[in-house]
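Here are my notes on this one, jotted down as I went through it. Have the structure open while you read.

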Amino acid sequence: MKAGDVLAERGQYRIELFRPELLNGMATVLSILLGPDRDRAGDYLRWKHMEFPSGEDPILLAVTHDGGREVVGMNGFLPMTWSDGSGGKSTRLACWADFIIHPEHQRKGLGRLLLSETTKVLRERGFSAAISFSQNPISTKLSLGLGWRAVGLATCARLVSPGSIPGSSVALGGRNSVVARGLRFAMRRFGRSSASVFEKFDRRKTARPTESATKPRVEAMALLAATTGAKGRLRLQRTKEYFAWRFKNPIARYRFLYLSQNDQLQGFLILQEFLTRARGRTVVLDLTAGNAEVAVELLRSAQVQGGFGNMYMLAECIQPEVRKYLMTVGFELDGPRNQVPSLIIKPLDTATGGLSNRVLSSLNSWHFQFIDSDAF
Ligand SMILES: CC(C)(COP(=O)(O)OP(=O)(O)OC[C@H]1O[C@@H](n2cnc3c(N)ncnc32)[C@H](O)[C@@H]1OP(=O)(O)O)[C@@H](O)C(=O)NCCC(=O)NCCS
């Protein structure tokens, strides 16, 4: 298979492998999800699929209409390497991203055709399995119908009472106090302002050993990422090349908190704000720490420095001790999101040393330290 190959045809529609001339059309379709700025959607596609540091060709397919002249849908996967953290097995898993059919062309079977053609491409390219962390009820129904399996549900931990974290300079006295309720009302009413959620965070400084920054420390982060996490569980290999790429996403802003001792990084926390959808939300994108105390200190520092009105993180990424702490300071578990499984997999059964389906299908096989996909 090569760029521009037509993989399937149905009436006026074609499923085509990516070729550069399709990029603008793909950006136009994707801007339905990302917001009206087509240039930004194009930058996002270029960054995500063309600059991803795997050295492989992008895995992008388009649905075209009218003899290939109009793009009406797209689908993408990122080729990611996962390992079990013991320095042994690693495996290439294709992570699902950017699946859309233009509303005027939906309900004609194109989504189903596009996904099954993409699966053939993944199989040919030797992936052990395809995985997805970001679903909605329609894409779930569609993929389960094509042999994908539900592995687990994701729960979102949401900070609902911002002032109650000990040491916070915005102490408000509990989640049901008048002030806290007023603040929540104001967040709902005015939370979509154009101001960055990081305004306060950028003005304040946190006390050592925690430090804040606007840039990733790619080498130290990669070193720590390689040595933390439950051994034997699958985690994404986050190399320095991965970290150097990850935060160049043109549709989001990031802030970093580092906790070091004797110049050795002990933990880091990454905050994300979208510039498009879900503006005004602070997402704890990544919390990587050598132990629970470091994780709690990073979360506490983030909240004290940022005074965030809301903060979200994927509960599956949080160690049980840290989760307990969060519950005492005002986080609530919220979810599962959309009532659909958030991790689904499609075993591809290639003969290239893939992990067994039993391993892939158990939530206990996975270790999540960060939000893997839909928060890109
Ligand atoms: C998800 C999406 C790509 C599906 O594309 P599509 O071309 O409409 O899908 P298909 O026509 O192949 O439909 C396949 C099946 O999906 C389900 N489905 C599709 N649209 C649906 C809808 N609006 N409501 C309920 N079920 C629906 C049906 O089971 C359908 O099978 P059926 O027609 O035999 O009942 C499309 O709805 C879309 O672009 N949505 C917005 C973007 C998005 O949500 N992407 C996924 C991000 S996780």
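1. Ligand first. The shell around the ligand holds 18 residues, and I101, Q106, G111, R112 and S139 come nearest. A residue is near a molecule if its C-beta atom, placed from the backbone, lies within 6 Å of it. Bear in mind that this is a predicted model: local features need pLDDT of at least 70, side-chain atom pairs count only at pLDDT 80 or more, and totals for chains, interfaces and linings use all residues. Residues are numbered from 1 along each chain as its sequence is written.

2. Where does the shell come from? Strand 5 (90–101), helix 3 (110–124) and helix 4 (137–144) each give at least two residues to it, and helix 4 has the largest share with 4. Helices (H or I, at least four residues) and strands (E, at least two) are DSSP runs, numbered from the N terminus. By type, the shell splits into 7 nonpolar, 7 polar and 4 charged residues. Here Ala, Val, Leu, Ile, Met, Phe, Trp, Tyr, Cys and Pro count as nonpolar, Asp, Glu, Lys and Arg as charged, and the others, Gly among them, as polar.

3. Now strand 3 (residues 59–65). It is mostly covered, with 6 of its 7 residues buried, buried meaning 20 or more other C-beta atoms within 10 Å of a residue's own, against 12 or fewer for exposed and partly exposed in between, with C-beta atoms placed from the backbone. Strand 3 pairs antiparallel with strand 2 (residues 13–17) through 5 bridges; a pair needs at least two DSSP bridges. Within that pairing, A62 of strand 3 is the bridge partner of E16.

4. Strand 3 also runs antiparallel to strand 4 (residues 70–83), joined by 7 bridges, with V63 opposite G73 in strand 4. The hairpin these two strands form has 4 residues between the strands, and D66 takes a positive phi near 60 degrees there.

5. Some backbone spots to check. Most residues other than glycine have a negative phi, and most peptide bonds are trans. D98, not a glycine, has a positive phi of about 60 degrees. D98 sits in strand 5 and counts as buried because it has 21 C-beta neighbours inside 10 Å.

6. N262 is another non-glycine with a positive phi, about 50 degrees. Its place is the loop between strand 11 (252–261) and strand 12 (264–274). Is N262 buried or exposed? Exposed, because N262 has 6 other C-beta atoms within 10 Å.

7. Last, a cis peptide bond links R208 and P209, with omega about 15 degrees. P209 belongs to the loop between helix 6 (199–203) and strand 9 (210–213).
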